[in-house]
Amino acid sequence: MAERESLGRATMTYEGIFNIKEAVKTIQDAGKDKKFAFKETDHTESVTPEGKFIDLKADIDKKITDYAKGIVKFEMQVSKMQDKIVEEDGKRKKYQTGKILINMEAWLQTDYEKRWEMKPTMYLLRVFFEKYVFGPHLDKDKKETTATMEHIKSSIKNYFNLMKYES
């Protein structure tokens with residue numbers, strides 16, 4: 001069985017004006033900066049009397065080596081979202097207002113292709129190699145995955161701080 005190790009979590013909230021498409025693009029671009037792929041796993045939208053509710057789940061991942069894979073699990077929940085037209089420089093632009101909750105968790109998954117589990121002796125060798133041979137390499141992979149999550153987190157913070165001043 002592929003082993004997964006949790007490397008850290010991050011939670012952010014924002015309430016105010018934003019552009020939902022630009023917010024998601026910011027997250028995708030931040031992952032691409034570190035050569036991680038953005039894969040949407042679930043997307044749910046519903047309309048309530050208070051506004052629209054969006055739940056977006058995605059995996060931002062990268063095969064670091066043939067043995068290790070870095071994953072940032074991402075979830076964004078937007079509640080009470082309503083459209084707002086803002087006039088800037090004589091042009092009308094469409095924004096949204098509402099509350100956003102973002103949860104991220106970084107993971108390192110080893111032996112994701114299950115090559116070391118075909119026989120019991122291979123499993124025993126995998127445990128030995130992970131402890132004594134792959135250890136320094138896995139530490140580097142953990143740092144890379146954690147750094148990617150922090151980069152995405154700072155990109156989101158930068159985007160929303162910039163948006164506060166546009167309204």
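What follows is a chat about this predicted model.

Me: Before we start, what are the ground rules for this one?
Reply: This is a predicted model, where local features need pLDDT of at least 70, side-chain atom pairs count only at pLDDT 80 or more, and totals for chains, interfaces and linings use all residues. Residues are numbered from 1 along each chain as its sequence is written, and side-chain values use heavy atoms, with hydrogens and water left out.

Me: Great. How many helices and strands does the protein chain have?
Reply: There are 3 helices and 5 strands in the protein chain. Helices (H or I, at least four residues) and strands (E, at least two) are DSSP runs, numbered from the N terminus.

Me: And in what order do the elements run?
Reply: Starting from the N terminus, the order is β-α-β-β-β-β-α-α.

Me: What share of the residues counts as buried?
Reply: Of the 167 residues in the protein chain, 39% are buried. Buried means under 20% relative accessible area, exposed over 50%, and partly exposed in between (1.4 Å probe, protein chains only).

Me: How about the accessible surface of the protein chain?
Reply: The protein chain has an accessible surface of about 10,200 Å², and 52% of that belongs to carbon and sulfur atoms. Those areas come from the Shrake-Rupley method with a 1.4 Å probe; for residues, only the protein chains shown count as cover.

Me: Let's switch to helix 1. How far does it reach?
Reply: Helix 1 covers residues 20–33, so to speak 14 residues, and reaches 20 Å from its first C-alpha to its last, close to the 20 Å expected at 1.5 Å a residue. The expected span is 1.5 Å times one less than the number of residues.

Me: Which of its residues are buried?
Reply: In helix 1 the buried residues are Ile20, Ala23, Val24, Thr26, Ile27, Ala30 and Gly31. Seen down the axis of helix 1, they fall within an arc of 150 degrees, so they line one face of the helix. The arc is that of the directions from the helix axis to the C-beta atoms.

Me: And what is on the other side of helix 1?
Reply: Lys21, Lys32 and Asp33 are exposed there.

Me: Back to isoleucine 20. What does it touch?
Reply: Leaving out residues up to four places away in sequence, isoleucine 20 touches Met76, Val78 and Gln96. Contact means heavy atoms within 4.5 Å. Isoleucine 20 has 15% relative accessibility and counts as buried.

Me: New topic: how many salt bridges does the structure hold?
Reply: It holds 8 salt bridges. A salt bridge is a side-chain nitrogen of Lys or Arg within 4 Å of a carboxyl oxygen of Asp or Glu.

Me: Which residue does lysine 62 pair with?
Reply: Lysine 62 forms a salt bridge with glutamate 144, and the closest N and O atoms are 2.7 Å apart. This pair links distant parts of the chain, with lysine 62 in strand 3 (residues 51–63) and glutamate 144 in helix 3, 82 residues apart. Lysine 62 is partly exposed at 21% relative accessible area, and glutamate 144 is partly exposed at 25%.

Me: What about lysine 94?
Reply: The side chain of lysine 94 meets that of aspartate 83 in a salt bridge (3.5 Å, N to O). Lysine 94 lies in strand 5 (residues 91–110) and aspartate 83 in strand 4 (residues 68–88), so the pair ties together parts that are 11 residues apart in sequence. Salt bridges that share partners also join Lys39, Asp61 and Lys69 into one network.

Me: Now aspartate 141. Where is it, and is it buried or exposed?
Reply: Aspartate 141 lies in helix 3 (residues 135–166). This residue is buried yet has no salt bridge, and the nearest side chain of opposite charge, lysine 140, is 4.7 Å away. For charge, Lys and Arg count as positive and Asp and Glu as negative, while His and the chain ends are not counted.

Me: Which residues does aspartate 141 touch?
Reply: Not counting residues up to four places away in sequence, aspartate 141 touches Ile64, Thr65, Ala68 and Leu108.

Me: Last one: what is the phi of lysine 35?
Reply: Lysine 35 has a positive phi of about 65 degrees although it is not a glycine. Lysine 35 sits in the loop between helix 1 and strand 2 and counts as exposed at 65% relative accessibility.
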